[in-house]
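Me: I have a structure to go through. Can we take it piece by piece?

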Amino acid sequence: MKVGLIGLGNIGKYILRKVNIDKCIPEAHIQAVFMHRKIKMKNIDVFESFDDFLQSDIDVIVEAANIKAIKNYGPDVLKAGKDLVIISVGAFVDELFEQKIYDLSKKYRSKVYLPSGAISGLDVIQAANNDRQLDKVTITTKKPASSLIDEPINQERVIYRGNAKEAIQLYPKNANVSIILSLAGLGTEQTKVQIIADPFITKNQHCIEAHGGFGQINLQIKNEPMPDNPKTSYLAALSLLSTLKNIHKTVNIV
């Protein structure tokens, strides 16, 4: 599997190291990277031109950049008949973009993969929703206060309460998990979101509650930061690596 990478931030560098150096996926190799500045990399082609990147010898393209990047380049990836892995799922709050991705994927027979990111339980949410057995989904995200607000506080403060559609627009760096949860379940308008600044925690925490005809679930996730970058969720990076591992498996746990 020949992989192309859009972006080389924290998660991009992690995937590059795990795939090309640690050989975590023996059948995969990152062949090309697209970024806006030219650097030299051993055994990897680095492109400043997206057209040249797209025409290079790659099968799967991983977006590891931001919402703007996936909205700019995602459609062209699918038109080129290449599979696409998207981590900036916040782009799907734009319903026109979401429909465009679905339509292009079908037309050009390209597959789109959305890693679960920094949360778990999406399989349960999706299974329950398939037979309309899902009535309510809520996600409460707690983050260290200093990462959300500038002023010091001495107790928890709810800084947002509403739905996923509005949350990603107001807090694009803090509500990505609510969008992937929405896509698996009731949609961005019906998925309830609460974001809390907590001065007493040092790690991001997510609580997912859902109930319906299937029963009820309550999931608690406490994310460790990446060892070499405290601003990035380790689970988000691991989720992307797992997605790449599973792409060409003949047997998958779903």
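**Cysteines, a helix and a site**

Reply: Start with Cys24, which is partly exposed, at a relative accessible area of 26%. Bear in mind that this is a predicted model.

Me: Is Cys207 buried or exposed?

Reply: Cys207 is buried, with a relative accessible area of 13%. That falls under the 20% cut-off, so Cys207 counts as buried.

Me: And how many disulfides?

Reply: Zero, from a search of the whole structure.

Me: Switching to H3. How many residues does it have, and how far does it reach?

Reply: H3 covers residues 67-79, which is 13 residues. From first C-alpha to last it reaches 19 Å, close to the 18 Å expected at 1.5 Å a residue.

Me: Where is the kink in H3?

Reply: At Tyr73, shortly before the proline Pro75. The kink is about 40°.

Me: Which residues of H3 are buried?

Reply: Ala69, Ile70, Tyr73, Gly74, Pro75, Val77 and Leu78. So the kink residue, Tyr73, is on the buried list.

Me: What happens at the start of H3?

Reply: A side-chain oxygen of Asn66 comes to within 3.3 Å of the backbone nitrogen of Lys68.

Me: And just after H3? What does Gly81 do?

Reply: Gly81 takes a positive phi there, about 80°.

Me: Back to Tyr73. Which residues join it in a cluster of ring pairs?

Reply: Phe34, Phe47, Phe50 and Phe53 are linked with Tyr73 by ring pairs.

Me: How many aromatic pairs does the structure hold?

Reply: Nine.

Me: New topic, annotations. What does UniProt place at residues 154-240?

Reply: The UniProt record, an unreviewed entry, puts the feature "domain: Aspartate dehydrogenase" there. In the model, that span is 26% helix and 44% strand. Its end C-alpha atoms lie 36 Å apart.

Me: Which residue does the "active site" annotation cover?

Reply: His206, according to UniProt, again from an unreviewed entry. His206 sits in strand S10, residues 205-212.

Me: Why does His206 count as buried?

Reply: Because its relative accessible area is 3%, and buried means under 20%.

Me: What about Asn229? Which strand is that in?

Reply: Strand S13, residues 229-233. Asn229 counts as buried too, at 17% relative accessibility.

Me: How far is Asn229 from Ile39, in sequence and in space?

Reply: They are 190 residues apart in sequence. C-alpha to C-alpha, Asn229 and Ile39 are 22 Å apart in space.

Key:
Residues numbered from 1 in each chain as written. Predicted model: local features only at pLDDT ≥ 70, side-chain atom pairs only at ≥ 80, totals over all residues. Heavy atoms only, no water. Phe/Tyr/Trp six-rings, centres within 6.5 Å; stacked < 30°, edge-to-face > 60°. UniProt positions renumbered as here; feature names shortened; annotations may be inferred. Helix = DSSP H or I, 4+ residues; strand = E, 2+ residues; numbered from the N terminus. Expected span 1.5 Å × (residues − 1). Bend = angle between axes of the 7 residues up to and from the residue. Buried < 20%, exposed > 50% of the residue type's maximum accessible area, 1.4 Å probe, protein only. Polar contact = N/O pair within 3.5 Å; in protein donor to acceptor, adjacent residues only side chain to side chain. Disulfide = S-S within 2.5 Å.
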